[in-house]
Amino acid sequence: MPRDADLDELEARSIYILREARRCVAPLAMLWSIGKDSTALLWLARKAFFGAVPFPVVQLDTEMELPEVYQFRDDIAKAWDLDLRVEMCPPEASVDQTLPPASRAAARKTEGLKNLIGHAGYKGVLVGIRRDEQATRAKERVFSPRSFGSDWDVRNQPSEFWNHYTTDVPEGTHLRIHPLLHWTEVDIWRYHERENIPFCDLYFAREGKRYRSLGEKNITVPIESNASTIAEIIAELETTREPERAGRVMDHDSEDSFERLRTAGYM
Amino acid sequence: MDRSLRVAVLGHVDHGKSTTIGRLLHDTDSLPTGKLEELEAISKRRGVPLEWSFVLDALQAERDQAVTIDTTRVWFTWKDRRYAIIDAPGHREFVRNMLSGASEADAAVLVVDAIEGIGEQTRRHAHLARLLGLRQLAVAINKLDAIGFDRAGFDRLAEDARALLAGLGLEARATIPVSARDGDNLVHRSARTPWYDGPTLIEALDAFENLDMPAESPLRLRVQDVYRIDDRRIAVGRIESGRVAVGDTVVLLPSGANATVRSIDRWNAPVAEVAIAGESIGLSFHEPVFVDRGDTIAHPEGAPPLDYAFRAVVFWLSEAPPVVGEYLVAQFGPTSARVRVAGIGRALDTSSLADVATGAVPQYAMLELDLRGRVQLPLDTQASLPATSRLVLMRETDVVGGGFVESVATRATNLHPSGHLVTRAEREAVHGHRAAVLWMTGLSGAGKSTLAMALERRLFGSGYNAFVLDGDNIRAGLNRDLGFAPADRSENLRRVAEVAALLAEAGTIAIVAFISPMEADRELARQACGSDFKEIYISTDVETCEARDTKGLYARARAGEIADFTGVSAPYEAPGSPDIAIQTRGRSVDECVDELLTFVKQAVAPH
């Protein structure tokens, strides 16, 4: 079977970005949500660095993930010899109470990330977001500077073209680095299938339901599905017109809830 | 599966780019469930007619202002082909975002409003299309309903668009009459344009090809990093063009070292002894060559020429114009080089299409920049290898321009063509040393003439052929027609530089001692003298110079008797990176000349 030219191109570009990040930004860490995207990103890091992941891998933990997620995390961290760091997020009571309830879990992660950057001093954080997930993420840069308070200045982003990335940012600020920005949801699954990347089996249907997007158990709902192989998931995605994050309650709290979360520092 | 066709949508603000995209998504049945209802609800709540552009303009701020703030991207599939649409904003401030989005495009659609016609942004975006090398273009004349689907009106606009593009060496493959809001000729052929028999927009897109990285061109890989794994050093990077195979002899530039490819390294990928353009790989070599980030790997045949100076065509992104003499950083992917702006050629305002003064280049102008590195660079040109001719210009940490290398220009070897039957090499062989122009710059009283004369004496005593040009011998004769107004001072230096260049051609070490306070004048001198030019900064501080005041000039300047006196009432632009700087404060003449002599002897040592 001929190689999938589309996946080859996506992979080669992500590897290029990961190598730029490692060379030009230090100290560097990667966020791992244990979902399909950031697990694919981990795999790409192993590709870029010939098997090893040469930086800490951080989970922002709310202690609200499904048990299967924690099991998968520990198995992979051991098998891939990851430098796993678990950053506990502050309690819900400590976040902005004007946010709609379902957005508060995301706000907890935002605070967890700010704390992490504060105490670990990371200059760059690799994050597995994609442009097709959500309209505000579509406007991201690959190397996206964040201010002292982790704010995203969407109106004043640096130019980014011809493989040139802004890697030099002022003291006290940091970069969010997005090596998967140009991938789509179907791309991720096709890549999982080709590369045989392990993933948490909550994505497969059980009793007529599966998780399309994995978030905290109190704010994520499974979708109707009978897909029990990657091929079936891909077939389902190629016909569905439901958005990927339909099961994420926080996105739909109000018209601008996701944008508010992101400008305040959410991933 | 094939890669998606990446299409940038360009055009003036409010001419309907986002509407075109939103409606295209709807008509290709690509909108997610509930999106249309969501749009209807939002539009109703705001009391406006249904706005297709809301599909893309998802940010709250954009809905409020009804302009697209940043580049964004949406995907759809049509007849088994995937498309990625890049929405490029038309609002004036956001051109750099547009560049960020459109730089990856395979093709572009230029949207023109039927009522307003070609706008400022239409022209600017057409220039960007040229700069980005976008050759697959379609023009959509939008809002045709507003002119009653009038054929003659459409033909006039189509001709305007054709003329604009032709002026840039571009040609649209299709010019399509559309009403994006109603979907005319986007996906469905319109009954309202019976006179039009060209393609619909989707048919025009379908005819465009994916532009893959050029596998059949000469090999170029710019090294991103070097990893040590086990006993091997692995140079990693992405092949930008051509192909490389195990066993190939390659050359590392700029060092020029040859090496043989020992392995092509990938992780968890099919083993292949060859890699082609587009792949991110690792390379190890049999020989223990030194390789580092920024090196270019090529085959010895088909390697790019190495040179210091080149002319770039640049889209200028900064509000602060380029200044002759300033230093910028040119980035060719991971290859980075400090370059001096040696000159500004033609500059064009991309909205009015008028030539503008090169001394005050406005933001978003397109201009020719002569750039000069301190080390040799491997240089491909737009004509020879477009992908690797592209560069991004940085000032400190800001991106100030993007463009391509248009031509490589070596001045030193061809500046003084002449019919001499005695070559310069022969003259230098007789003298036993090479010639040079030692250009001493510094404040009045810094010690230039004193050091120049002492250096000339010491060089002569050691068998070197050297001669000093200074104010006394130049202004007494050659330049006695010149005064001290700024224009005269520049002309004075221009002539000095030309004389110094001729002395160097004659095999002599020319020692030039002039204040030469302006970087631009010194730059012109550098150009006149080519690689012979050595900038020597006599960096004595102004307090020391004023305390010396051997000619009493500082006292007179302070008293207001001399206008525009450098260091007192006129600026001195210190060299950014001189070949050598000499601080004279608290040091003897001999000490300083010793230091100079070491430098000069090395600079003029025979090859």
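Let's start at one residue, Asp14(B), which sits in the loop between strand S1 (5-11) and helix H1 (17-27) of chain B. Helices (H or I, at least four residues) and strands (E, at least two) are DSSP runs, numbered from the N terminus. Before going on: this is a predicted model, where local features need pLDDT of at least 70 and side-chain atom pairs count only at pLDDT 80 or more, while totals for chains, interfaces and linings use all residues. Residues are numbered from 1 along each chain as its sequence is written, chains are lettered from A and ligands numbered from 1 in the order in which they are written.

Back to Asp14(B). The cut-offs are simple: with C-beta atoms placed from the backbone, a residue is buried if 20 or more others lie within 10 Å of its own, exposed if 12 or fewer, and partly exposed in between. Now look along the chain. Asp14(B) and Val112(B) are 98 residues apart in sequence, yet their C-alpha atoms are separated by 9.4 Å.

Next, chain B as a whole. Chain B has 16 helices and 25 strands. Its C-alpha trace spans about 90 × 65 × 45 Å along the principal axes. Of the 607 residues in chain B, 45% are buried. How is chain B divided? There are domain 1 (5-206), domain 2 (220-298), domain 3 (308-408) and domain 4 (424-603). Those bounds come from an automatic or database domain assignment. The C-alpha centres of domain 2 and domain 4 of chain B lie 46 Å apart.

Contacts tell us about the fold. Two residues are in contact if their C-beta atoms, placed from the backbone, lie within 7 Å. In chain B, take the contacts with a separation of 6 or more: residues 24 or more positions apart account for 72% of them.

Let's zoom in on some strands of chain B. Strands S10 (residues 249-253) and S11 (residues 257-265) run antiparallel, joined by four bridges. Two strands pair if DSSP finds at least two bridges between them. Leu252(B) stands opposite Ala257(B) in S11(B). S10(B) and S11(B) form a hairpin with three residues between them. In the turn, Gly256(B) has a positive phi of about 85°. S11(B) also has four bridges to strand S13 (residues 280-285) of chain B, again antiparallel. There, Val261(B) has Phe285(B) in S13(B) as its bridge partner.

Now the cores. In soluble globular proteins, nonpolar side chains tend to be buried together. A nonpolar core here is a set of buried Ala, Val, Leu, Ile, Met, Phe, Trp, Tyr and Cys residues joined through C-beta atoms within 7 Å. The largest one has 89 residues, and those with the most contacts inside it include Val7(B), Ala102(B) and Leu201(B). Strand S15 (residues 306-316) of chain B gives the largest share of this core, eight residues. Domain 1 (5-206) and domain 3 (308-408) of chain B each supply at least three residues. A second, separate core has 59 residues, including Ile34(A), Leu44(A), Val57(A) and Ile233(A).

That brings us to chain A. Chain A has seven helices and eight strands. Its radius of gyration is 18 Å, close to the 18 Å that the globule rule gives for 267 residues, so chain A is as compact as a globular protein of that length. The radius is taken over C-alpha atoms, and the rule is 2.2 Å times the number of residues to the power 0.38. Buried residues make up 53% of chain A.

One helix deserves a look. Helix H5 (residues 185-195) of chain A has buried residues, among them Ile188(A), Trp189(A) and Tyr191(A). The buried residues of H5(A) pack against H1, H2 and helix H6 (230-239) of chain A. After H5(A) comes Asn196(A), with a positive phi near 60°.

Last, where do the chains meet? The contact takes 39 residues from chain A and 41 residues from chain B. On the chain A side, helix H1 (5-24) and helix H2 (36-48) are the elements that give two or more residues. H1(A) gives the largest share, nine residues.
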